[in-house]
Amino acid sequence: MENGNVSDSDKGTPQGGLISPVLANVYLHYVLDLWFEKVAKRHLRGETYLYRYADDYVVLFQYEDDAKRFYEVMLKRLAKFKLTVAEEKTRIIPFGRYKGTKETFDFLGFTHVNASTRTGKYTVLHLTSKKKLKAKRQSAKQWIRWNMHRPVMKIVRALSRKLVGHYNYYGVNGNLKGLYKFYTYIRYTLYKVLRRRGQKHKIIWETFEKIWKLIPRPKICKDIWQWSNV
């Protein structure tokens, strides 16, 4: 589909099809992963690592000149297989313990930030990206509005499951504040919607608080700092 118009094609994978991400993964495993390990790394002088999830990936380099050299060759490699990168999302930045930079980058819904612990040791914070948080809020608000006339306890149970899923993904060390931002937004959105549906007997805050106590509070689910210190 392009500009709202559907056209048949004998190339590529079906947009939205269940098989599409599987085929893309197989394709990129050959085009990118194997090529990186068996060919590209041999021509770089420093340490380098590639992390890919579906069509989104980050490559880490010890030296800047390696990054620049790889970027040029990578574009040619992808073009050979009819692929291109999203230039507005692709950049080379200094990042890490010895870079002394405030540069950040987004990957898999997180914004990764150079930071220090309370004892002054270097660490990387993984925070819910603003773009992803905004999208999550909009999606949750829409869902609450669509389900506002369901029984309250069914809404609460469904929201509980959604929030637990959110905590399981974004609940990493250093991101508790980000979890509470989403939790608080859901709280006030649900209250406003429930107030709106009760025309004659609007729910009061004290009653809502008793209901809200059934919703699980944010918590850190993955201790990634423990692993980083091993």
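Visitor: Hi! Which residues in helix 5 meet helix 6, and which in helix 6 do they meet?

Guide: Hello! This is a predicted model, and in it Tyr183, Ile186, Arg187, Tyr188, Leu190, Tyr191 and Leu194 of helix 5 meet Trp205, Phe208, Glu209 and Trp212 of helix 6. By class, the residues of that contact are nine nonpolar, no polar and two charged.

Visitor: At what angle do helix 5 and helix 6 pack?

Guide: The angle is about 130°, and the axes are 11 Å apart. Helix 5 covers residues 176-197 and helix 6 covers residues 205-212. The two helices are therefore oblique to each other.

Visitor: And is the crossing of helix 5 and helix 6 left-handed or right-handed?

Guide: The crossing of helix 5 and helix 6 is right-handed.

Visitor: What is Tyr183 in contact with, leaving aside its neighbours within four places in sequence?

Guide: With that exclusion, the contacts of Tyr183 are Tyr167, Trp212, Ile215, Pro216, Arg217 and Pro218.

Visitor: On to the cores. Which residues of the largest nonpolar core touch the most other members?

Guide: That core has 27 residues, and those touching the most other members are Ile144, Leu159, Ile186, Leu190, Phe208, Trp212 and Ile215.

Visitor: Which elements give two or more residues to this core?

Guide: They are helix 3 (130-146), helix 4 (152-170), helix 5 and helix 6. Helix 5 gives the most, with eight residues.

Visitor: What does Leu159 touch, not counting residues up to four places away in sequence?

Guide: Leu159 touches Trp143, Ile144, Ile186, Leu190 and Ile215 on that count. There is also a second, separate core of twelve residues, which includes Trp35, Ala40, Phe70 and Leu78.

Visitor: Which residues make the contact?

Guide: Helix 3 brings Lys132, Lys136, Trp143 and Ile144, while helix 4 brings Ile155, Ala158, Leu159, Lys162, His166 and Tyr170. The residues of this contact of helix 3 with helix 4 comprise six nonpolar, one polar and three charged.

Visitor: Is Lys162 itself buried or partly exposed?

Guide: Lys162 is partly exposed, with a relative accessible area of 44%.

Visitor: What about helix 1 and helix 2: where do their axes come within 11 Å, and at what angle do they cross?

Guide: The axes of helix 1 (residues 19-38) and helix 2 (residues 64-80) come within 11 Å and cross at roughly 145°. Helix 1 passes helix 2 in a right-handed crossing. Tyr30, Val31, Trp35 and Phe36 of helix 1 meet Phe70, Val73, Met74, Arg77 and Leu78 of helix 2. The class tally for that contact is eight nonpolar, no polar and one charged.

Visitor: Changing topic to the backbone: what is phi of Ala54?

Guide: Phi of Ala54 is near 60°, a positive value in a residue other than glycine. Ala54 is found in the loop between strand 1 (48-53) and strand 2 (56-61), and it counts as partly exposed at 37% relative accessibility.

Visitor: And phi of Leu108?

Guide: Phi of Leu108 is near 55°, again positive in a residue other than glycine. Leu108 is in the loop between strand 3 (104-107) and strand 4 (110-116). With a relative accessible area of 31%, Leu108 is partly exposed.

Visitor: One last stop, Thr104 in strand 3. What does Thr104 touch, not counting residues up to four places away in sequence?

Guide: Thr104 touches Arg91, Ile93, Phe95, Thr111, His112 and Val113. At 27% relative accessibility, Thr104 counts as partly exposed.

Note on methods: Residues numbered from 1 in each chain as written. Predicted model: local features only at pLDDT ≥ 70, side-chain atom pairs only at ≥ 80, totals over all residues. Heavy atoms only, no water. Axes fitted to C-alpha atoms, helices over the stretch in contact; angles between N-to-C directions. Helix = DSSP H or I, 4+ residues; strand = E, 2+ residues; numbered from the N terminus. Parallel < 35°, antiparallel > 145°, perpendicular 65-115°, else oblique. Left-handed = near helix turned anticlockwise from the far one by under 90°. Contact = heavy atoms within 4.5 Å. Nonpolar A, V, L, I, M, F, W, Y, C, P; charged D, E, K, R; others polar. Core = buried A, V, L, I, M, F, W, Y, C linked by side-chain atoms within 4.5 Å. Buried < 20%, exposed > 50% of the residue type's maximum accessible area, 1.4 Å probe, protein only.
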